[in-house]
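Subject: Structure for you to look at

Hello,

Here is the structure I promised to pass on. Please open it first, then read the notes below.

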Amino acid sequence: MQLNHLRGVIHAHSTYSDGRHTLQKMAEHCRQAGYDYLGISDHSKAAFYANGLSVERVAEQHREIDELNQQLAPFRIFKGIEADILNDGALDYDSETLSRFDFVIASVHSNLKMTEEKAMNRLLRAIENPYTRLLGHPTGRLLLSREGYPIDHRRIIDACAANNVAIELNANPYRLDIDWRWIDYCTEKGVWISINPDAHSIEGISDMQYGVIAARKGLLTRALTLNAQSIADIAAFFARQ
Ligand SMILES: [Zn+2]
Ligand SMILES: [Zn+2]
């Protein structure tokens, strides 16, 4: 893996939720940096602490994305969301709302102190949700400050393989989650890894470089790196074709 193998950026926040830059600025920055697409994924409604999007604001953002996609073509913005995995493993929008996104990243942001059994039940239910396309920062760890909740990585990766869900390698240098030691098992199971910046500003997008280094330690191939794929292939993955 090399940084210049990455064709697009998946998992970024804008001023719609807790990002510092507007959607337009984020998209223009990605296009100028040579990327073909941006999968924007602001926080969902349960993330009130991060200005998560109500259903009305989702609709507003989708209208803006449609306009920007006309202006910026062939660059493409995919309509994503980082949906909170609730305490019981459900996502925090109804199916009708979830169906309007191009892709859903399911992430745990609340009640992080939990047993492995509890964490597994939450994550497995979220992975099995038919709208989930990526599992965000699988353990929730913050390096040097917070241990992640305990999970059985093998069972999580098996479930992602069974449900064709990609796993994020969150490239924020304080996360690097999924840990690189699990990449070979993902590869063995044919599970996509997406090297995601989780950017909250245009500067944050360059964090993908750290994800590439971690991915290289795990011998991740370009062929199994989700955001090393073309717009058409990503669109097909999001549409489950
Ligand atoms: Zn997150
Ligand atoms: Zn995020």
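Start at Asn111, which is partly exposed because 13 other C-beta atoms lie within 10 Å. Keep in mind throughout that this is a predicted model. Asn111 sits in the loop between strand S4 (103-107) and helix H4 (116-128). Its phi is positive, near 50 degrees, and Asn111 is not a glycine. Most residues other than glycine have a negative phi.

Asp198 also has a positive phi, of about 50 degrees, without being a glycine. Look for Asp198 in the loop between S7 and H7. Is Asp198 buried or exposed? Asp198 counts as buried, because 25 C-beta neighbours fall inside 10 Å.

His200 is next. The loop between strand S7 (193-196) and helix H7 (208-217) holds His200. His200 has 21 C-beta neighbours inside 10 Å, so it counts as buried; the cut-off is 20 or more. Which residues does His200 contact, leaving aside neighbours within four places in sequence? They are His13, Asp18, Gly19 and Arg20. His200 and Glu28 are 172 residues apart along the chain, yet 15 Å separates their C-alpha atoms.

Now helix H1, residues 23-32. Its buried residues are Leu23, Met26, Ala27 and Cys30. Seen down the axis of H1, they fall within an arc of 95 degrees, so they line one face of the helix. What do they pack against? The partners are strand S1 (8-12), strand S2 (37-43), helix H2 (55-72) and strand S3 (76-84). Just after H1 comes Gly34, with a positive phi of about 95 degrees.

Tyr16 has 19 other C-beta atoms within 10 Å, so it is partly exposed. Not counting residues up to four places away in sequence, Tyr16 touches Leu23, Asp42, Leu53, Arg57 and Gln61. Leu23 is also one of the buried residues of H1. From Tyr16 to Ser41 is 25 residues in sequence and 9.8 Å in space, C-alpha to C-alpha.

One peptide bond deserves a look too. The bond from Ala73 to Pro74 is cis, with omega near 10 degrees. Most peptide bonds are trans. Pro74 is in the loop between H2 and S3.

Best wishes

Notes
Residues numbered from 1 in each chain as written. Chains lettered and ligands numbered in written order. Predicted model: local features only at pLDDT ≥ 70, side-chain atom pairs only at ≥ 80, totals over all residues. Buried ≥ 20, exposed ≤ 12 C-beta atoms within 10 Å, placed from the backbone. Helix = DSSP H or I, 4+ residues; strand = E, 2+ residues; numbered from the N terminus. Arc of directions from axis to C-beta. Contact = placed C-beta atoms within 7 Å.
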